[in-house]
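Dear colleague,

Please find below the structure that I am handing over to you. After it I set out what was found, grouped by topic.

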Amino acid sequence: MGIVNVTPDSFSDGGLAFAADAAVAHGLALLEQGADIVDVGGESTRPGAARPTVEEELRRVLPVVRELAAAGAVVSVDTMRAEVAARALDAGARLVNDVSGGLADPAMLPLMARADVPYVLMHWRGHSAGMQANAVYADVVTDVLDELRLRIEAALEAGIPPGRLVVDPGLGFAKSPDHNWELLGRLRDVVALGHPVLVGASRKAFLGRLLADPATGQPRPARQRDTATTAVSVLAAAYGAWCLRVHDVASTADAVRVTARWGVETAASAGSPPH
């Protein structure tokens, strides 16, 4: 899943594809690099970010979704708002990626019950402006799994078929760096929930913290975290992730192909059929 941020303030590439024509060109380039899905979002969810109005989000997102879908792309819309999701689906989007898991807008789950598309439901504890104050857990993996189960139950009760649900542990959303690493280390527990798993670690701050300059302690800048992201992608794929949401598609696509081939050979040498 290649990221198309149609925002002026995303943490890694805000403003680079803010104009609709630049965003469409970026999405097409991601497809050429090997993206299966392009994820178009008009609201930055970095810590501390302010929300745009619904009108502004629609203005940013709809032309890009429409053009990419017309070009044959499988387009995901990254939004917490049911109105934006509905309009994007009408414009050709084929998947809804909701970082709030239906908590930000009570109309989202009923909409997704009516829409015949996959729905990504992420672990979430509040909007960007104050979410890091909620990064308090007894055990982060247990708590995230329990809260995801509650959102899965809510989605099923709303009428969303289980086969259309995708879950995302929400790396970086109300999570400390240590929380993110614990979740990645136990990714198989997330996979065991029984739904496809989306992992979004690309260029996030916990990678920058890990790669901090040893002399100054300054975190590695966001656009210099792609190699680390690729390492996470390889491991997440090996641990059963369904999809990886990334900025640098080319390196991730190569890494996933290698991981898949390695898995085939490992299964063959063990005498079991490959998965």
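A charge is taken to sit over a ring if NZ of Lys or CZ of Arg is within 6 Å of the ring centre and within 35 degrees of the ring normal. Arginine 188 and tyrosine 239 make such an arrangement: the arginine lies over the face of the tyrosine, at 4.1 Å from the ring centre. Please bear in mind throughout that this is a predicted model.

Aromatic rings

A pair of aromatic rings is described by the distance of the centres and the angle of the planes. The structure holds 1 aromatic pair. It is formed by tryptophan 181 and phenylalanine 206, and it counts as edge-to-face because the planes stand at 80 degrees, with the ring centres 5.0 Å apart. The two residues come from distant parts of the chain, being 25 residues apart: tryptophan 181 belongs to helix H6 (residues 177-185) and phenylalanine 206 to helix H8 (residues 205-210).

Salt bridges

How many salt bridges does a search of the whole structure find? The search gives 13, and three of them are described here.

Glutamate 43 and arginine 51 are joined through their side chains, with an N to O distance of 2.8 Å. Glutamate 43 has a relative accessible area of 9%, so it is buried; arginine 51, at 33% relative accessibility, counts as partly exposed.

The side chains of glutamate 56 and arginine 60 also meet in a salt bridge, at 2.8 Å from N to O. Both residues lie in helix H2 (residues 54-70), where they are 4 residues apart, or about one turn of the helix. Arginine 60 counts as buried because its relative accessibility is 11%, and the cut-off for buried is under 20%.

Through shared partners, salt bridges join Asp39, Asp78 and Arg245 into one network.

The second largest pocket

Rolling a probe the size of a water molecule over the atoms shows where empty space is left. The second largest pocket has a volume of about 360 Å³. Its lining consists of 19 residues, and those nearest the centre of the pocket are Asp36, Trp242, Cys243, Leu244 and Val256. Helix H9 (226-238), strand E8 (243-244) and helix H10 (249-270) each supply at least two residues of this lining. Which element gives the most to the lining of the second largest pocket? That element is H10, with 7 residues. Sorted by class, the lining has 14 nonpolar, 3 polar and 2 charged residues.

Backbone and loops

Alanine 174 has a phi of about 55 degrees, a positive value although the residue is not a glycine. Alanine 174 lies in the loop between strand E6 (165-168) and H6. Is alanine 174 buried or exposed? With a relative accessible area of 0%, alanine 174 is buried.

Arginine 203 is likewise not a glycine and has a positive phi, near 60 degrees. Arginine 203 is placed in the loop between E7 and H8, and its relative accessible area of 7% makes it buried.

Glycine 194 is found in another loop, the one between helix H7 (187-191) and strand E7 (198-199). Glycine 194 has a relative accessible area of 60% and is therefore exposed. From C-alpha to C-alpha, glycine 194 is 9.3 Å from proline 162, while in sequence the two are 32 residues apart.

With kind regards

Note on methods. Residues numbered from 1 in each chain as written. Predicted model: local features only at pLDDT ≥ 70, side-chain atom pairs only at ≥ 80, totals over all residues. Heavy atoms only, no water. Phe/Tyr/Trp six-rings, centres within 6.5 Å; stacked < 30°, edge-to-face > 60°. 1 Å grid on protein atoms, 1.4 Å probe; cavity = no way out; pocket = protein on both sides within 12 Å on 5 of 7 lines; lining within 4 Å. Points joined across faces, edges and corners; volume = space filled by probe spheres on them. Nonpolar A, V, L, I, M, F, W, Y, C, P; charged D, E, K, R; others polar. Buried < 20%, exposed > 50% of the residue type's maximum accessible area, 1.4 Å probe, protein only. Salt bridge = Lys/Arg side-chain N within 4 Å of Asp/Glu carboxyl O.
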